[in-house]
Amino acid sequence: MTEVDITSKTIDGIGPHGVKVGLLRVLGPAHVWALGVGIVLVGEYMGWNFAVGKGGAYAALIACWFAGILYTCVAMIDSEVTSTVASAGGQYTQAKHIVGPLMAFNVGLYLVFAYTMLEAANAITAGYLVSVVATMTGHEGDLNQRPFIILVIMFLAWLNYRGVLATLTFNLVITAFAFAAILILFLSTSGIVGAGIMDHAALFEGHALPYGWIGILASLHFGLWFYLGIEGTTQAAEEVRSPARALPFGTLAGIMTLLIAATLTWYVCSGVLPWEFLGDGVNGSVAPLFDTARLSGSTGLVWLLGFGTLFATLASANGCINDASRAWFAMGRDKYLPGWFGAVHPRYRTPYRAIVFLVPIALIFALGAPLDQVITFSILSGLLGYTFMPLNIILFRRKWPLNSIKRGYEHPFHPLPAIMLLSLCGVTFFAVFLGYGTQLVAMIGFYIVVSLWFHFWRYRFVNRGAQFTMPWPKPQGY
Amino acid sequence: MGLWNWIEYGAWALSAAFGLHMVLDWLRTDSTYPEDVLTSSREGELEAMAEEHKVTS
Amino acid sequence: MAHYQPPAQGKASQLIDVVVLVVLTVGALFVPIWLGLAGAAKSVTAPVANPTWESLNQNAAQAARYEALGFTPESAHDLILSRFDYSFSIGALLTMIVVIVLYYFLILRFSEVEYREVISEKFGE
């Protein structure tokens, strides 16, 4: 080991066991909330309305609530495991300790892809928003969106590179703004404050369920978009001051916030916009809350929701960079990926190599693929991850029963949430199959190939026993 | 040459600046610190400390 | 049991591993797009000639909203009438189910083998 002066000002934060540079523990529960809600809230500003197109407005509401149940299970299960396995990498580290290395490798990739694709989708949307603003302010012709897409990714990567506290404080502010914008829009269009413009009954007349019951199933695909990413709160585990308390608190507060935001969003948009327009996220309503504000006739609301949409995309992309880089870093640290990625910046205390490496990857996706493809890949990776979670919690409870280790939070009604989550995942797989069966098979083909690559080649570089870092007793049954 | 063309160039320039800053800082960091210091982070630090505490008390 | 000592990986080998992963990833995203297999396309199955709001099946309130959004019956025609096709073959459904089940079976199986090794090394036997 190289000699390092421990009184050095530039290399501080000496930890136990010869650890010199680790991630910084600076975050509180509010940052966890901002990370979770910040990633997801953009789903309320764009993307969820594809669910309306898939089955009509009522189908979207049913999908919204079913997905809400699915994610409540996710949040509860996640809170229990992560309050116990508190480490960067989140579900990846959970899988490593509970299911096994290959599962962990797959879960790590789900996380990185779900977040990097979502980041790309956000950057595309931000670029589109800038072009809308340009047109509104009288710019002639089409604006080149590429520099703005690149700027969003570069700026947020730079922010992440410079330190986690500033990054997530920034997220807290813009997420709170975007959430408040939804509340204000609801108050001012529903007739609670001033005259309402809602007309659910007339707008739904003759179009209650345009596809019948199969439409409800199909819309579940994009119903996930209301909440996708809330599970990312676990990635902050190594940077939170008190993980056993802050993570369950932040995550559960986050899912409650989202249930409110999702239902309000559906209520506001479906009461103002006709479903064919609302449900077509390409030729119709790209940003439904923004379009609702446009119909309200209030310039103030248009600007508020315009900024809300922009902030939501930035908050989401920001959180995605944070989460994807933590997962990539954690895998590098364990040599699941080249160990070079497991480095922490000595001054900013961030996984800087992982952050820099993922920038060009995000740019490839953002500049090279259409939006709905990118969203679908993100949803698919997320969905594979949610299918892993029930398996994870069942094995966790079996290998370490309740009183064998200390848990920061114990979720109620086990194994009911796990079974519910598993069956909802099955239904959602079918929904994805209805529209995007080829991508589903291509994606799983990809994971099978990399799994074989990992098992037969990459795993040789991994230290066997040392990767199990939790101070737990031996699991039961081994 | 409208306002938005200038904003476009501004976006390119800012992107390049942020990117350049990251890359330069990355290269400088890599050449300043030894590799085993940079990659000395270990999983489960906090748990390891808690465990030690229990053993010594 | 003797502890497994992983070999140190050289820089070049690390680089190759990264390139392999990136190529596979980009391939998984772009191959379906290049092959034209991607996406659920909507299509208009029953077009209406000389559309009016009534023939597009829109009531007065719905038509008013479309007009506020800047549509005419002509420009809204495709948007209103296009529909997804949810028909599918049982064969394709079964293929998907088999692929998913096989995939999870494969990783759970391999993971279990690797996990037993981890546990026996960690807790010593």
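**Exercise 1. State how many helices and strands chain C has, and in what order they run.**

Solution. Chain C has four helices and two strands. Helices here are DSSP runs of H or I with at least four residues, strands are E runs of at least two, and numbering starts at the N terminus. Now read the order from the N terminus: α-β-α-α-β-α.

A note on the model: it is predicted, so local features need pLDDT of at least 70, side-chain atom pairs count only at pLDDT 80 or more, and totals for chains, interfaces and linings use all residues. Residues are numbered from 1 along each chain as its sequence is written, while chains are lettered from A and ligands numbered from 1 in the order in which they are written.

**Exercise 2. Compare the radius of gyration of chain C with that of a compact globule of 125 residues.**

Solution. Start with the rule: 2.2 Å times the number of residues to the power 0.38, with the radius taken over C-alpha atoms. Next, take the spans. The C-alpha trace of chain C covers about 80 × 35 × 30 Å along its principal axes. Then check burial. Of the 125 residues in chain C, 18% are buried (20 or more other C-beta atoms within 10 Å of the residue's own, with C-beta atoms placed from the backbone).

**Exercise 3. Describe the side of chain C that touches chain A.**

Solution. Count first. The contact joins 54 residues of chain C to 67 residues of chain A. Contact means C-beta atoms, placed from the backbone, within 7 Å. Assign the elements: α1 (11-34), α2 (60-68), α3 (73-81) and α4 (90-123) of chain C each supply at least two residues. The largest share, 21 residues, comes from α4(C). Sort by type: 38 are nonpolar, eight polar and eight charged. Nonpolar covers Ala, Val, Leu, Ile, Met, Phe, Trp, Tyr, Cys and Pro; charged covers Asp, Glu, Lys and Arg; the others, Gly among them, are polar.

**Exercise 4. Find where confidence is lowest and highest in chain C and in chain B.**

Solution. The score is pLDDT, the predictor's confidence in each residue, from 0 to 100. Chain C has a mean of 89, and 95% of its residues reach 70 or more. Its lowest element is strand β1 (residues 43-44), at a mean of 86, and its highest is α4(C), at 94. Chain B has a mean of 81, with 75% of its residues at 70 or more. In chain B, helix α3 (residues 45-56) is lowest at a mean of 46, and helix α1 (residues 3-32) is highest at 95. Residues 49-57 of chain B stay under 50, and the model has three contacts beyond four places in sequence for them. Finally, the complex: ipTM is 0.90 and pTM is 0.91.

How values were computed
Two residues are in contact if their C-beta atoms, placed from the backbone, lie within 7 Å. A residue is buried if 20 or more other C-beta atoms lie within 10 Å of its own, exposed if 12 or fewer, and partly exposed in between; C-beta atoms are placed from the backbone.
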